[in-house]
Amino acid sequence: MQTKDAAAEIEQMVSLARSGLVKNQRKAVRALALLAKESEENKLKIVAEGGLQPLEALVQSPNIFIQTHAILTVGFCCENDKNRNRISEEAELLVTLVDLLGSKKMRTLHVLCDAFIKMCASADVRRRVIVCGAARKTAVLLLQDDIELELRGARLLSILAGCEEARVTMVNEGVLKPLWEIVESPLKTVKLKRFAMNTIKELAKDKENHQKLCDHGGMKKIIQLTRFYADDVRVAAAEALVEMARNPGLKKRIVDEGGLHHLLPLLRVRTLACQRAVTDALAVLAEEPSNQIRIVQLGALKPLVALSRCGDAVIELNAVTAIANLAQNGVNRPRMFFTGAFKPLIYYANSMENADLKAKALNVLSGLFQSKEHRVKALVRQAADKFLQLLAKRKQMMQLIGDDDDDD
């Protein structure tokens with residue numbers, strides 16, 4: 001609860017911030033920053049008292065103390081939802097702050113990134129700052145020789161990429177180049193790579209960006225990152241592949257560039273996030289007829305069947321969807337009998353949980369049990385092969401026993 005003393009002090013400091021004297025400005029911004037940090041009521045009071053107008057002028061001050069504390073105050077005020085909405089309407093303040101992203105003062109850039117991270121919790125603010133050119137200027141921060149500034153810039157860029165309407169603009173402004181440099185460099189931290197990969201994943205959600213993401217070996221880079229040792233980085237890479245695989249023109253290309261060889265081993269990684277991402281990727285890739293046989297040939301059925309009863313609803317749904325898509329190809333069906341892949345389909349064919357998956361499972365099962373060619377010939381051939389293998393092993397055993405008797 002705000003005290004009368006705090007309310008009176010805010011009124012006094014907002015008035016003092018309008019002073020032309022540096023001494024008064026320093027006192028005002030220091031006090032306002034502390035007050036804004038202290039409570040929600042103070043944050044609202046500063047904005048209600050018209051504090052944004054003098055703060056807009058003070059963030060342009062040549063005095064580094066005044067400038068950084070003014071930015072800090074704006075950042076603290078933006079921790080409140082109501083204030084964020086108000087600030088999104090202050091076009092001049094947003095333009096001023098975005099222009100400061102081109103500053104050469106490291107301290108200013110640090111506090112500015114923190115303020116933008118708080119501000120951009122609002123979708124309206126995100127949209128407006130991107131229009132002002134924030135994405136392009138933030139991307140430049142990723143190439144600074146300052147680890148903390150790079151982290152702040154990467155985090156801000158990943159938040160900006162969450163703005164659906166601005167993803168194409170961000171790519172057109174050249175944010176991909178520094179992102180690729182980060183994910184490829186062995187000198188960058190895992191945390192920095194995670195932010196960079198999350199940004200790429202968000203940008204991949206817009207199909208218009210897919211061609212530029214694929215340029216200069218971009219798809220190969222994403223595929224290779226699915227083998228990265230840090231789980232959050234490889235999960236983000238797998239999720240980016242899922243988004244790109246939703247583009248019909250890229251489903252086959254992902255497999256041709258080695259996507260399956262990198263994704264399938266991740267089915268055995270014991271983390272929910274990784275298994276969710278990989279099963280989702282396989283379900284989408286299996287929609288392409290030319291991929292279906294290759295996925296089965298590389299041994300995806302057994303782990304998918306195991307994951308179809310793992311206990312996690314998302315993974316189970318993804319796995320069964322992948323199995324249903326793979327079963328659309330008649331060549332895969334005999335192998336499905338011997339791996340028990342039809343069992344989860346039978347469950348979903350009798351379930352009311354997902355109407356689309358139920359229809360797909362029913363369609364697959366009707367094909368499995370109605371096709372004589374695949375139900376009889378293929379099964380007999382597989383059974384005969386197994387019998388011959390068993391017979392050969394038995395002959396070998398008999399020979400070994402016979403050799404032992406001769407020695408005796």
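The model is predicted, so local features need pLDDT of at least 70 and side-chain atom pairs count only at pLDDT 80 or more, while totals for chains, interfaces and linings use all residues. Residues are numbered from 1 along each chain as its sequence is written, and side-chain values use heavy atoms, with hydrogens and water left out.

**Overall fold**
- The protein has 27 helices and zero strands; helices (H or I, at least four residues) and strands (E, at least two) are DSSP runs, numbered from the N terminus.
- The C-alpha trace spans about 110 × 50 × 45 Å along its principal axes.
- The radius of gyration is 30 Å, whereas a compact globule of 408 residues would have one near 22 Å; the value is taken over C-alpha atoms, and the globule rule is 2.2 Å times the number of residues to the power 0.38.
- Of the 408 residues, 52% count as buried (under 20% relative accessible area, with a 1.4 Å probe and protein chains only).
- Of the contacts (heavy atoms within 4.5 Å) between residues at least 6 apart in sequence, 70% join residues at least 24 apart.

**Helix α14**
- Helix α14 (residues 190-203) reaches 20 Å from its first C-alpha to its last, close to the 20 Å expected at 1.5 Å a residue; the expected span is 1.5 Å times one less than the number of residues.
- Ten of its 14 residues are buried, so α14 is largely enclosed by the rest of the structure.
- The buried residues include Leu192, Phe195 and Ile200, and their cover includes α11 (147-160) and α13 (176-184).

**Helix pairs**
- α14 and α17 pack with their axes 9 Å apart, at an angle of about 10°; axes are lines fitted to C-alpha atoms, for helices over the stretch in contact, and angles run from 0 to 180 degrees between N-to-C directions.
- The two helices are therefore roughly parallel (angles under 35 degrees).
- By class, this contact has six nonpolar (Ala, Val, Leu, Ile, Met, Phe, Trp, Tyr, Cys and Pro), one polar (the others, Gly among them) and six charged (Asp, Glu, Lys and Arg) residues.
- The axes of α23 (residues 313-326) and α25 (residues 342-349) come within 10 Å and cross at roughly 110°, which means that α23 is roughly perpendicular to α25 (65 to 115 degrees).
- Residues making that contact include Leu317 of α23 and Tyr348 of α25.

**Glutamine 60**
- Glutamine 60 lies in the loop between α4 (52-58) and α5 (64-77).
- Not counting residues up to four places away in sequence, glutamine 60 touches Gln67 and Thr96.

Note on methods: Parallel < 35°, antiparallel > 145°, perpendicular 65-115°, else oblique. Buried < 20%, exposed > 50% of the residue type's maximum accessible area, 1.4 Å probe, protein only.
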